[in-house]
Amino acid sequence: MTISYCGKRYHAVLPRQLKLAMKLTTLLLIVAFLQVQASGTAQQVNLNLKAAPLTEVFSKIKLQTGYVFFYAASDMALARPVTISIKYVPVTEAIALAMKDQPLTYTVQGTAVFVKAKAKTTDVTEEPVAPPVIDVAGKVTDETGKPVAGASVTVKGVAGKGVATDENGNFVLHGVDENAVLVVTATIIETLEIKISGKSYLEIVAKGSVKLLDEYVVKGYYSTTKKLNTGNVRIVAAKEIEKQPISDPLGALQGRVPGLFVEQTSGAPGRAFTINIRGENSIANGNDPLYIVDGVPFNSTPLNSGNLFGSARSTSPFNGLSPSDIESMTILKDADATAIYGSRGANGVILITTKKGKSGPTNFSFSAYHGVARVAKFLDMMNTEEYLSMRKEALANNNLQPSTTDHDLNGTYDPNRYTDWQDVMIGRSAVINELQGDISGGSERTQFRIGLGYRREGNVFPGDNYMTKINSLTSINHRSANEKFTANFSANYVTGYNKMPTADMTKYINLAPNSPALYDSLGNLNWQNGSWTNPFSEIVKNYIEVSDNLNASSVFGYIVLPDLKIETRLGYNKSALHQKNIIPFSSFNPTTPDPRSKRSISWVNSHVSTWLIEPQVSYNVKLGRGSFDILVGSTLQENEKELISHIASGFADDEQIESIIAGTTKNVSQYTPSQYKYFAVYGRIGYSLQNKYSVNMTARRDGSSRFGPGRQFGNFGAVGAAWIFSRETWFKLNHIISYGKLRASYGITGNDQLGDYKYLSSYSYTSSSYQGYTGLNPTQLTNKQYGWETVKKMEIALETSFFDDRLSFNASYYINRTGNQLIAYALPNTTGFSSVLANFPAIVQNSGLEFELDGGIVTNKDFRWASAFNISIPRSKLVSFPGIKSTSYATRYSVGMPMSVAYVYQYTGIEPATGLYTFIDQNNDGMITPAMDRSFIVTGQKYYGGWNNAFSYKSFQLDIFLSFVNQTAQNYLFGSTPGAFSAGQGNQIRSISDRSKFQPYTTLGGAIFTNNGLFNTSTARYTDASFIRFKNISFSWNFSAHNGGNKIINSGRLFITAQNLFTITNYQGFDPESRSNLTLPPLRIITAGVAINF
Amino acid sequence: MKTANQFIAIHWQRQITFVVSLLVLLTLESCKKIVTVEPPVNLAITSKVFSSDQTAIAAMLNIYISMNNSTINSFHTSVFLGLAADEFKNYSTNGTFLNFYTNQYNPYDNPSLDFWKYGYNIIYQANAVYEGCNQSSSLTTEVKRQLMAEALFVRAYWHFYLVNLYGRIPLVTTTDYLVNRATGRISVDQVYTSIINDLKAAEENLSEEYLNGDTKTITLDRIRPNRYVASALLARVYLFNKQYALAEEHASKVINRNVIYKLSTANTAFANRSTEAIWQLQLPLPNATTVNTFDALNYILTAKPSTTTIRCVTISDALFNSFEPNDQRKTNWIGSSMSLQL
């Protein structure tokens, strides 16, 4: 047999059996890729069957455990159909449950199970010699007194003897040996054995499930149980995401996950969030986490062209997902969890899993909400009278008379006019409507879900601006009859439309309050004889973004043997953005010459598409009391990115502009295609011993086209270990701590988030030509030798639960060190360029502490109160940066200080004699100069986190989620010169008149002006920007509707939610999160809606 | 007898071996191809640029395009230096214009920084063309010779401007950034020595005629340097160095070439293909479709001077008054209009 690969041939002699096995895998081998999933490790059984033949139960148990059943076919004819639903139940119990009520008996020898028909006569003859039998009744409740319905109560050792509890937890068993032992099992409780000891009524209190710890934790390529997990993995579930009335699912993560910092820098619809996991590791390159949606890498970089954007600036590609389609988001943080992602894992990984169908009757669900978004806080700005007196004082201070350009004072503007520009620019209410519906269901072997939704979000800006989005998600899961083959498919498509002003209109709130009217008497834009640029010209221009996102993923799996599974994922993602900026002549002063040339349209198309093939093989083997999980896989991925920008101008009239071709000048101004190829092999060995010790080793060898020949491949890996000390015998005596685990991990990940082709010495075509030749311009200075940035991550953590797991407390400490920083090494201009890309021995350290406290405070039958709190205390430090003084980073970072610093003058207050700002003259030369008198101060977050409180009383539920940040950041001042008037703007906050805090007014020029410039880049611009925000409050009422005995609505929910309802802060200005008075702050959103399932 | 389980065990162990060895092959085999990408279509690899006449010419012509970009062009040089020298009266409220007009600029601000930055970028491009052509064996001999000579001319031209703007400057004669980043300022005389050497080599190798884009055929356009352009600059360099005899010698070469160069009327002196022009820069397409030169766009006023950065200067009174009454330049090149009065 010949296997051809990479152009070379290998000959292998294969054993005969192998050829047979290979047939099974032909499908997957055609593409020569194999993939894995860790199959169940312990001898535990999961079954969910309705009226299934007993033989089917046997085959499933065999598949999951390797237990083999021996029986005569004739005996199976007697067997009754089995309805069973169990999870993680030991195999012997599973068999017992399956065999209960069967006219069959069985014996287990090793892993062989012999089944035969009960001899009818023996029943009769044995009965008299049996011990005395009694009837036993009882009730099963959990620790909170809540009845456990549907628990199975069986008699130990007696096949077929057992009942299920009713909905009140009651059961009756007839004819039971008075010394028998009852076995109580249910998914939500720990399996329990009770001796009857002659009692006829038993109050059985079952331990609430520790199942939380047995929950599977998906770590991307493999999964493990929460208990045995050696890494830092945090899951945010759908119920936390769907409560928030937002478009971008990443916004739902704010404050939810320790170590994950999410910041909303603007309230403009569609705007991307700032996100990082455990700080920023890279000085110059991307610090974005790796996002993976259903196994396929998702482009997280805004696709906007660098020089064309609207009020939302960079729009988030995550608007291409709908929060309502997301089942969970999993955040992987430490080396143990991220090293298997190799060169892409440095900044952490966020796995997004979409919703899947569940077997059962077809379920229709529908939800809708309606809401309103508004700016939560407005500024106290000067009125016309105050404004004009400020301006006059400023001119007087500079010994000036109003000039021809001082329109606000020289009579061009009406001194008695007043416009509240905040109200005009951002005072509107934006209406938000969302509808989501889905159908799901399916049989045991095939399930589906089809979801469809629509969202429309208005703007607080003036004009007819809005964002709409249509989302659809289809998923199909299938298992073959023999349970060996599985196929999963999901496709998510979202199309969005976002019409917005060409600028964030908030920047116009400081227009002079006596600025002219926006419209003239005829309803046209008023230009006041050309004395101002009418801000509404931004609205007359049309800026539109149309986005499309398709994410499709298929996974084919085949269980070759009970412990050996091969799997291949085929994934495709395409994100496209079309930007259109239409500039009609009506956005210009009509007296502007040459209207034809002023009419223009910018037309940008960009897209990124990714395909991926990821085969893997997983294998589980037991050795003695330990268990090995082995995984080997490979990734083949290719991205293609393209941006083309067209500009057309010279239109005869405004109506023609959108037709583009009518323009007399048409240019392609930018065309940037790029390609990225990626190939990797990865593996994992997990070992656990007695469910007490667990070791996890992961490794990846990555090759990336972003590096030059010889530097493309790199190795990454990590080792993690966990010790569940609460399982040690000496610890079990403890009654307070019910679970305790210590874990640690260390490993190396890489960062390849840099542009493509940077190693290539190349020329690029320009858009200009000379003598008929299109110019070829040298692209960059090149260094072919650069390589990955490497991040070494270390973590130690403690996970504990108290009082029978009612309360849990987790703490982790991490240190991440990034070396080999790949920076644009600043070069003197004499080299022809300003920099060259080079690895630099600079080291950035991010360390921190993270705590999580989670527990049920009150768990009564009617009233429940659960609380979850998390806090992160991040620290960063530039450990070393040799020669920083000669780089462009000299004024951005300082060795030994945190990465979040500002290089500013040291403000020392107002000099009483002159009323002017003063600063420390650090070099005592009598002057304050940029080069000599600035120093670094620490800014950024000291700590941040979130606190959720969930209350429920009967069918009412109230969730209050607070997020908090303690930080130092730029304050509310505009950064402008109080008293100056420029481009129609000049209004100030009323408090600027406080002479104990601010110096006298000035126009442009002079000592006061110079000092004001220093003030704006001094410590005075930095302030405490800490806040506690009522991020999300959600109140809901759950109901169901009956018509006689028939349920019409299985479950329904009426809800009211409030996002950003109020914020506790000392910060003056719009918002401590957006921190600018010239950008739209995060909005307060209040919605009401209904969700029903039927 | 083998039990079923044992059989299966053997069976799958071999399969595992196979699968693992396949993956090992994938790993060990240097599948570099998989992660090798072709250069994108909008980029041309440097070595390929200088393997054909077409692309090598495009790299050279890009230098002339660069000399006419939006931040550094003949208008910018003349307007800012003119403002600094009080040849102009400024009406702009733009900070840069104000700073130059009132002599409050510093070297870190634009356009001062631009002259430095783009100047050395153009010198880099010239060095790249020189080196690229020098190493190439596939260019047509005459094209190679002309391009290398043009590159030397451009290198000399920009060093000449930079040394006159900044005094002592670093001399850059290679593209190697490891060398250039460590280059310090050298004396003005040393810079001039290099300029003169470059210009002599250029004068020797440049075509006698003005050439078309193909760098072979002759054109009436004067938008590529020829031998006399190098001579003219050489004359100016000698003049600046007070080597008057040499200055005269080289200036005479140009003057004596009266087939090409002769005085025209004052009105047509600045016209395209003017016989007075020694070297003109074409405004590259697409700009050239709307504007002929930035200078004309900005200096010829159609309305009162603006306060923006376009059409915002007029001739200063001092310069205006320094013309003799019947100076043809004053009567032909300077306009006045009552309707443009402020």
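## A sheet in chain A

In β7(A), A:Val113 is the bridge partner of A:Phe69. β4(A) and strand β7 (residues 112–117) of chain A are paired in the parallel sense over three bridges; two strands count as paired if DSSP finds at least two bridges between them. Strands (E, at least two residues) and helices (H or I, at least four residues) are DSSP runs, numbered from the N terminus. This is a predicted model, in which local features need pLDDT of at least 70 and side-chain atom pairs count only at pLDDT 80 or more, while totals for chains, interfaces and linings use all residues. Residues are numbered from 1 along each chain as its sequence is written, chains are lettered from A and ligands numbered from 1 in the order in which they are written, and side-chain values use heavy atoms, without hydrogens and water.

The pair belongs to an open sheet of three strands with the order β4-β7-β6 (chain A) and mixed pairing. Its edge strands, each pairing on one side only, are β4 (68–70) and β6 (104–109) of chain A. On average, neighbouring strands of this sheet are turned by 25° against each other, direction ignored. Helix α5 (residues 91–99) of chain A packs on the sheet and touches β4, β6 and β7 of chain A, and its direction makes about 170° with that of β6(A). Such angles run from 0 to 180 degrees between N-to-C directions, with axes fitted as lines to C-alpha atoms, for helices over the stretch in contact.

A second open sheet of three strands has the order β38(A)-β37(A)-β1(B), with antiparallel pairing. Its edge strands are β38 (773–778) of chain A and β1 (43–45) of chain B, each of which pairs on one side only. The twist averages 45° from one strand to the next.

Strand β37 (residues 762–770) of chain A pairs with β1(B) over three bridges in the antiparallel sense. In β1(B), B:Leu43 is the bridge partner of A:Ser764. Helix α3 (residues 53–66) of chain B lies across β37 and β38 of chain A and runs at about 80° to β38(A).

## Helices of chain B

Chain B has 14 helices and three strands. Helix α4 (residues 74–84) of chain B is largely enclosed by the rest of the structure, because eight of its 11 residues are buried. Among them are B:Phe75, B:Val79, B:Phe80 and B:Leu83. The buried residues of α4(B) pack against β2 (88–90), α5 (95–101), α6 (112–135), α12 (294–299) and β3 (313–315) of chain B. After α4(B) comes B:Asp86, whose phi is positive, near 60°.

The axes of helix α7 (residues 141–166) and helix α10 (residues 227–240) of chain B come within 11 Å and cross at roughly 30°. The contact (heavy atoms within 4.5 Å) involves residues including B:Phe153 and B:Tyr157 of α7(B) and B:Leu233 and B:Phe240 of α10(B).

## A buried asparagine

A:Asn948 is placed in strand β49 (residues 940–953) of chain A. With a relative accessible area of 17%, A:Asn948 is buried. Neighbours within four places in sequence aside, A:Asn948 is in contact with A:Arg256, A:Ala866, A:Ser867, A:Ala868, A:Asp959, A:Ile960 and A:Phe961.

Methods:
Buried means under 20% relative accessible area, exposed over 50%, partly exposed in between (1.4 Å probe, protein chains only).
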